[in-house]
Amino acid sequence: MATPADHGRLMDEVYRHQRLVYDITRKYYLLGRDHLIAHMEIRPGQSVLEIACGTGRNLSVIRARHPGARLFGLDISEEMLLSARRKLGTTVGLARADARAFDPGALFGEAAFDHILFSYSLSMIPDWQGALDEALRHLAPGGTLHVVDFGDQSGLPRWFGRALRAWLARFHVTPRDILPGTLDALAAGGGTLHRQSLYRGYATYARLVPGRTGRAPQRAAPPSRGRAPSVAV
């Protein structure tokens, strides 16, 4: 498995030039980001952390919708953070860090966060289950984890799914087919989960308030065939 330093260098290489056109191009296929943001119930003064915040696009939208929120973002790519700092200025706390191991106190002076989100980032993090576990460690009691990422494309033509995955692989992106089952496991122990397939399986969206024992399974878990535990939308 790549070390954090290796992955950071890879992401800097991938996005050194792409970051300049990232927001313009990604709006056409990173579907569901605004759906996630629209369903975030953020109260004034609450803290929000985006893991792998990229250019800061999502944090900019959240800031406009919730001006009273305290916003933070981390990314392993310094190249992406250059764009994020330019977009967000000093009103959002930004830091370079690895999603799989970070210290929010040292980075931001925060002990925990009321909301943590992953937006099309788990498909790029090598140890994505470890990143989920790390996020849960830094989620405040009663806090919410928000996720949107590529789905299994089960409702779309097979040729489309094959072509999409071949194209994504060029950018070191791997859809996590076991993500729904992993989120179900995280809701164990009394957690509540709202999970939704968007755009005929193109994307998976979830909102999770974890239970005390929720933890990402260390081995691949198949997607749950039953209905996910649900919280009122």
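Eight aromatic pairs occur in this predicted model, where rings of Phe, Tyr and Trp (its six-membered ring) pair if their centres lie within 6.5 Å, with planes under 30 degrees apart counted as stacked, over 60 as edge-to-face and the rest as tilted. Here are two of the pairs:

| Pair | Centre to centre | Angle between planes | Class |
|---|---|---|---|
| Phe108 and Phe113 | 6.3 Å | 80 degrees | edge-to-face |
| Trp167 and Phe171 | 5.1 Å | 70 degrees | edge-to-face |

Now for burial: buried means under 20% relative accessible area, exposed over 50%, and partly exposed in between (1.4 Å probe, protein chains only). Phe108 is buried at 13%, and Phe113 is buried at 0%. Trp167 is partly exposed at 32%, while Phe171 is buried at 18%. Elsewhere, ring pairs join Tyr120, Phe150, Trp159, Phe160 and Tyr202 in a cluster.

On to the sheet. Helices (H or I, at least four residues) and strands (E, at least two) are DSSP runs, numbered from the N terminus, and two strands pair if DSSP finds at least two bridges between them. Seven strands make an open sheet with mixed pairing, in the order β3-β2-β1-β4-β5-β7-β6. Because β3 (93-96) and β6 (192-198) each have a single partner strand, one side of each lacks a neighbour in the sheet. Strand β2 (residues 70-75) pairs with β3 in the parallel sense over four bridges, and phenylalanine 72 has glycine 93 in β3 as its bridge partner.

Residues are numbered from 1 along each chain as its sequence is written. Local features need pLDDT of at least 70, side-chain atom pairs count only at pLDDT 80 or more, totals for chains, interfaces and linings use all residues, and side-chain values use heavy atoms, leaving out hydrogens and water.
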